[in-house]
Each structure stands twice: as structure tokens, then as C-alpha cells.
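Subject: Handover of a structure, with findings

Dear colleague,

Please find the structure below, followed by an account of what was found in it. I would be grateful if you would read the two side by side.

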Amino acid sequence: MALSRQQLETTYQDIEVQLYNFALRWVFSPTLAEEIVHEAFIRVWHRRDEVMVETLRGLLYTTTKNLALNEIRRRRRHEALPFLGWLE
């Protein structure tokens, strides 16, 4: 069964703060943590036909963690090779 807009909105209202705090523990930036959480919800919405409601929360946490880890890797790469900023 495809994920409905109402189900995603309800889940957003229920766990947005927890996901934000989860992301903040990874990236230590309030603005970036907020962006990561929003991106996680957007990505889940784009794949709503494949998402099972029963696993939605876990999927959102996993997506948030993966986006945070991607940001950490991006930062490390940027810090290690600042003269190659054109690669971004």
C-alpha cells in the first residue's frame, strides 16, 4: 500500500523534533540538521509507492543518518582538499 500524504504529515508532526535532535548529534549544526530532516522526508515522499507504513519511522531514521553521514564525508573531503573546491 502506498504511503499517503496524511500518513507522512502525521509522522512528521510526531517525530520531526526527534529526527532533528538525532541529526544534530551527527552534524552539530542546527541549520544543517533541519535541512537533513527535511531532505529525509522529501526522499521518502518521492518513493512513497515503495514505502510500507509499518517501516516508515525506521526508514526516516535510516535516511536521516545516511544523509548526515554523507554530509560528514563531504565536509572531511572539503577540509582535506580545500584547494580542490571546484570538485563540489
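Which backbone oxygen does the side chain of Thr 63 reach? The side chain of Thr 63 reaches the backbone oxygen of Leu 59, at 2.8 Å. This distance falls under the definition of a polar contact, a pair of N or O atoms within 3.5 Å; within protein, one must be able to donate a hydrogen and the other to accept it, and residues adjacent in sequence count only if both atoms are side-chain atoms.

Before going further, please note that this is a predicted model, in which local features need pLDDT of at least 70 and side-chain atom pairs count only at pLDDT 80 or more, while totals for chains, interfaces and linings use all residues. Residues are numbered from 1 along each chain as its sequence is written, and side-chain values use heavy atoms, with hydrogens and water left out.

Overall architecture

The C-alpha trace spans about 50 × 25 × 15 Å along its principal axes. Of the 88 residues of the chain, 28% count as buried; buried means under 20% relative accessible area, exposed over 50%, and partly exposed in between, with a 1.4 Å probe and protein chains only. Among contacts (heavy atoms within 4.5 Å) between residues at least 6 apart in sequence, 67% join residues at least 24 apart.

Helix lengths

Helix 2 (residues 30-46) has 17 residues, which at 1.5 Å a residue should span 24 Å; its end C-alpha atoms are 25 Å apart, in agreement with that value. The expected span is 1.5 Å times one less than the number of residues.

Helix packing

Helix 1 (residues 5-27) and helix 3 (residues 56-80) pack at an angle of about 35°, with their axes 10 Å apart. The angle between helix 1 and helix 2 is about 145°, and their axes are 8 Å apart. Axes are lines fitted to C-alpha atoms, for helices over the stretch in contact, and angles run from 0 to 180 degrees between N-to-C directions. The crossing of helix 1 and helix 3 is right-handed, and the crossing of helix 1 and helix 2 is right-handed.

In the contact of helix 1 with helix 2, the residues from helix 1 include Leu 8, Tyr 12, Ile 15 and Leu 19, and those from helix 2 include Leu 32, Ile 36, Val 37 and Phe 41. By class, this contact has 16 nonpolar, two polar and three charged residues. Nonpolar covers Ala, Val, Leu, Ile, Met, Phe, Trp, Tyr, Cys and Pro; charged covers Asp, Glu, Lys and Arg; the others, Gly among them, are polar.

In the contact of helix 1 with helix 3, Phe 22 and Trp 26 are among the residues of helix 1, and Tyr 61 and Ile 72 are among those of helix 3. The residues of this contact divide into 13 nonpolar, four polar and five charged.

Buried residues

The buried residues of helix 2 are Leu 32, Ala 33, Ile 36, Val 37, Ala 40, Phe 41 and Val 44, and what covers them includes helix 1 and helix 3. In helix 3, the buried residues include Leu 60, Thr 63, Leu 67 and Glu 71; the buried residues of this helix pack against helix 1 and helix 2.

Thr 63 lies in helix 3 and counts as buried at 14% relative accessibility. Beyond its neighbours within four places in sequence, Thr 63 is in contact with Ala 40, Arg 43 and Val 44. Thr 11 lies in helix 1 and counts as buried at 9% relative accessibility. The side chain of Thr 11 reaches the backbone oxygen of Gln 7 at 2.9 Å.

A residue in a loop

Phe 28 is in the loop between helix 1 and helix 2. Although not a glycine, Phe 28 has a positive phi of about 55°. Most residues other than glycine have a negative phi. Phe 28 is exposed, with a relative accessible area of 70%.

With kind regards

Definitions and conventions:
Helix = DSSP H or I, 4+ residues; strand = E, 2+ residues; numbered from the N terminus. Left-handed = near helix turned anticlockwise from the far one by under 90°.
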